[in-house]
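Good morning, colleagues. Please have the sequence and the structure in view while I take you through one part of this protein.

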Amino acid sequence: MSLPSFHALQRCLAAALLLCAASFCVRGETLPTCRVDPFALAAPPVEREASLRRPCGSDQLMKLHVEPLNPAAPRSGVLRARIDNVVSEGLMPGLLGSVKLSWAGLGGEPTTGLRTERALLAAGSQLRVSDDWSVQMNLGRDLVSQRSRATAVGLWRPVEGGVLFAEWSDSRREADVQRVGARWWVMPRRLAIDVDSRHDERGWDAYRFNLTLSLKP
């Protein structure tokens with residue numbers, strides 16, 4: 001996929017900035033904790049715990065990121081731009097639906113135009129059965145690479161200082177993957193133990209054990 005003019009990209013980016021400023025939608029701290037990108041890397045334990053501790057709220061966020069590149073480097077282009085638009089709405093008590101539109105492109109010289117690297121359309125939901133149970137489901141498709149992927153994550157807090165999770169993901173181009181793990185606070189909000197393991201067509205592997213020390217008050 002490509003667009004004919006790099007100058008057209010500049011106009012589109014400027015319009016997006018004005019749109020964000022007019023609607024006050026650039027708010028870095030208000031991104032819903034529900035994950036609506038099935039192609040994202042596995043969430044860190046702290047993010048999984050936060051999604052269970054703090055319910056996602058109805059929200060809308062548009063983020064625009066422009067990264068200037070070194071034009072002297074081969075095939076580096078001039079800049080890399082990314083736009084993410086996430087909308088989350090409560091469907092019923094305890095159930096939240098989210099939709100994400102994400103675009104990323106690499107801009108070169110005016111003669112080469114703009115090359116789209118990613119165009120993602122994803123939808124997800126989070127069902128909070130109780131304060132200690134949560135189920136998240138995501139489905140997405142990258143229109144550039146023609147990849148589709150679905151993920152489902154279950155979170156359970158059996159005790160106040162511990163969280164268990166189980167994750168399943170499936171893609172037409174990749175093998176099914178299951179992941180299970182846990183976080184337990186040895187010292188509440190200070191020192192945590194994180195463990196997880198991954199299962200694919202080769203069996204269980206990638207066992208991990210981490211100690212996390214939090215310096216926040």
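I shall speak about confidence, then strand pairing, and then a few side chains.

This is a predicted model, in which local features need pLDDT of at least 70 and side-chain atom pairs count only at pLDDT 80 or more, while totals for chains, interfaces and linings use all residues. Residues are numbered from 1 along each chain as its sequence is written, and side-chain values use heavy atoms, with hydrogens and water left out.

To begin with confidence: pLDDT is the predictor's confidence in each residue, from 0 to 100. The protein averages 76, and 70% of the residues score at least 70. Helices (H or I, at least four residues) and strands (E, at least two) are DSSP runs, numbered from the N terminus.

Strand β6, residues 133–142, pairs with β7 in the antiparallel sense over 10 bridges. Leu139 has Ala150 in β7 as its bridge partner. Four residues separate β6 from β7 in a hairpin, and in its turn Gln146 has a positive phi of about 60°. On to β8, residues 162–171: this strand pairs with β7, also in the antiparallel sense, over nine bridges. Here the hairpin has two residues between its strands, and Leu155 is bridged to Phe165 in β8.

Which residue lies over the face of Phe165? That residue is Arg48, at 4.0 Å from the ring centre; the criterion is NZ of Lys or CZ of Arg within 6 Å of the ring centre and within 35 degrees of the ring normal.

Finally, consider Ser148, which belongs to strand β7, residues 147–159. Is Ser148 buried or exposed? Ser148 is buried, because its relative accessible area is 18%, and buried means under 20%, exposed over 50%, and partly exposed in between (1.4 Å probe, protein chains only).

Key
Two strands pair if DSSP finds at least two bridges between them.
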